[in-house]
Structures are given as structure tokens and as C-alpha cells.
Amino acid sequence: MLSIREKSLTVATLLLILSLILISLLVISIEPAEADVTPAQISDYKIIPKPEVEKPVDGLITGIIAGVDYEIEFTLDIATGVEGNIVLTTQMERSSDRFWELETGDYSGVNLSKWQPGQKSISFDAVAGTPTFKLTGYVPENMTTALLYDPVSGTITLHRPGTLSLLSLSLESGELMQSIDAEAVDDSLLRYNDKKEEKSKALSDNSNLAKVIEDMAKKGYTEQATDLLDTLPSSGWGSGSSSSTILYIVAAVLAVIAILAIVLLLRGRGTVAFLKQRAIDQADKLDIVESRIHKLGEKSLTSDIAQIRDTLKEMGRR
């Protein structure tokens, strides 16, 4: 017969063996958690000609110009086991006989005998790999313009920045995986931005005038805003007692009135009362300018200012 000591050792040994078996089963049964895998993504791209900001950390690509041809060379990273097709789409317009070119010749996902590279949207088998494509097209000019019609005054073209998707990547299910979006501008907007930079000193000296010009540009009246900027001195207003400074102020006031008249008349008769009040307000300001010119002894200029003031007041009374 086994002694108590021997029995205890036997039980302990059995418990140890059982524990080892259970631990082994537990380890075998635990499978490593699979990391989240992105089915497909645009791993890299290059735009020619290069825009102002090509790869923003967050937000839109800037410096894309309406009417200009662009080439986008991009590489996809397609994971293993993706079902269905990959879909590529652009909002650019075609500038040649095709939008798309496959630059990776040995990629089997694209059947070159069946795909349609002249379409804005193409699809192909989601075969795992890193194929490289080239997209060619131009940004539509109407992305940044809108026509404002008036039966009396005619037509005016408004210019505002527009947003478009240069390239988007989706799954056949419709799930959007990635989109390369850009803000487009045109020549009118570029001229306005350049002119605003050129006249920055004068604008910083006159915040009220700067706000009028900025509001006009935001509403799309960039051509008119640029014309108004042309009346401002590039080096600022200078000393307040000089005749040239006062002449610039008068020119700017008249330009504001003239341009506001065009804008407001195009927007309808209901704004005429506002325009009249603006004319009266500007005329009152010219009273102060006239007084300052009189102190300078500029009699001829004083007479001209008085005539302009009286004309503005007459506009306000009609």
C-alpha cells in the first residue's frame, strides 16, 4: 500500500499534468487577432504641373487652375481577398482620347481588351497588388464661374473658387475608400489675389474700404473688386495732409459708389434705396475732405470736390 506521502505526491503529479494539458489547450485555442486591413488605398500620387499645395495634411489641394491640363500619376495598394471590382472616378474633363493609362504592365486586374479608358469612371478586378496608373484631364472652366442675368443691364460673370474631386477610389459596393479633392481658381481670381497683395499697405490703412472689396470678391465680383484695387496707391495713403492722398481717397470713394451701383442694380430694384443712402453717406464724408483741402489752399481741387459732393447728394435725393 502507498503511504500518505506517496499518495500526496501522486495527486500533486496528476494535478500538475492536468494543469499543463489545460494550459496547452488554452494557448492552442487562442488565435492572434487580425489587424484591420484597408481593402484598397491610394498609397502615393504626383500632380504635374505641381500645384501650390500638392499634399495637404488636412483639407484641399490648392493652386489648381480651371482650364489647365493636369497629369496625376498614382499608385494603388490593393489587399488580398478583396471581393468585386475597384472603381476609379474623376471630375476632370478629357483633354485627349483617354483619361486613364495603366503603367504597370504585369498587373492582371485590368483586362486591357475590355476596359474603357475614355470614360470618367472605370472599374477592374480587385487583384492584390500595387499597380500604377496615370490620369490625364483638365479642370472644367465652369467650376469657378456663374452667369448673372439682368434684362436691362445684361450679363455679368461671377468668379468664385470651386471644389472638385480630381481622383476618387471606391469599391464596387459603392463604399468610398479615398478621394483627392482640390480647390480650383481661375485667371480672374488669380489677378484679384495678386492685386490685393500689391495693394496690401493701402488696404491695411483703410479697413472699411478693405471690407467692401473683400465682400465684393466673396460674392463673385472679382473683376469689379480688382478694378477698385487699381485705384489704390501701392505704397499706402501716405501723410493725411497731402493733396495726392486726398485725391486717392476721392477716387476710391467714387469707385466704390460706381461699382456698388452696378452690383446693386443687377440684384434688383429693391436695393436702390440702399444705394441712395450710400451716396448720401459718402457725400457727407466728402464735406470733411473738402474742408481739409481748403486748408491746403487747393482752390481748384476744392471746387471739384464740392461738385462731386453735390452730385452724390443729388443721387441720394432722386
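A: In what follows, two residues are in contact when heavy atoms of the two lie within 4.5 Å. The model discussed here is predicted. Ala146 is placed in strand 8, which covers residues 145-150. Apart from neighbours within four places in sequence, Ala146 is in contact with Ile156, Thr157 and Leu158. The C-alpha atoms of Ala146 and His159 are 6.7 Å apart, although 13 residues separate the two along the chain. Ala146 is partly exposed, because its relative accessible area of 32% falls between the limits of 20% for buried and 50% for exposed.

The charged side chains come next, beginning with the pairs. A salt bridge requires a side-chain nitrogen of Lys or Arg within 4 Å of a carboxyl oxygen of Asp or Glu, and nine salt bridges are counted by this rule. One of them joins the side chains of Glu93 and Lys120, with an N to O distance of 3.1 Å. This pair links distant parts of the chain, 27 residues apart: Glu93 belongs to the loop between strand 4 (85-89) and strand 5, and Lys120 to the loop between strand 5 and strand 6 (121-125). Glu93 is partly exposed at 28% relative accessibility, and Lys120 is partly exposed at 33%.

Another salt bridge, also with an N to O distance of 3.1 Å, is made by the side chains of Glu223 and Arg191. Glu223 lies in helix 5 (residues 222-230) and Arg191 in helix 2 (residues 187-198), so this bridge ties together parts 32 residues apart in sequence. The relative accessibility of Glu223 is 30%, which counts as partly exposed; Arg191 is partly exposed as well, with 43%.

The side chains of Lys211 and Asp215 meet in a salt bridge of 2.9 Å, N to O. Because these two residues are four residues apart in helix 4 (residues 207-218), about one helical turn separates Lys211 from Asp215. Asp215 is partly exposed, with a relative accessible area of 26%. Salt bridges can also join into a group: Lys195, Glu198, Lys199 and Asp230 are linked in a network.

Asp69, Glu71, Glu73, Asp97, Glu101 and Glu103 form a negative surface patch. Strand 3 (residues 69-78) provides three residues, the largest share of this patch. Glu101, another member of the patch, is located in strand 5 (residues 100-102).

Key:
Residues are numbered from 1 along each chain as its sequence is written. This is a predicted model: local features need pLDDT of at least 70, side-chain atom pairs count only at pLDDT 80 or more; totals for chains, interfaces and linings use all residues. Side-chain values use heavy atoms; hydrogens and water are left out. Patches are made of residues with over 30% relative accessible area and no salt bridge: like charges are joined within 9 Å, nonpolar side chains (Val, Leu, Ile, Met, Phe, Trp, Tyr) within 5 Å. Accessible areas come from the Shrake-Rupley method with a 1.4 Å probe; for residues, only the protein chains shown count as cover. Lys and Arg count as positive and Asp and Glu as negative; His and the chain ends are not counted. The place of a charge is taken as NZ of Lys, CZ of Arg, CG of Asp or CD of Glu. Buried means under 20% relative accessible area, exposed over 50%, partly exposed in between (1.4 Å probe, protein chains only).
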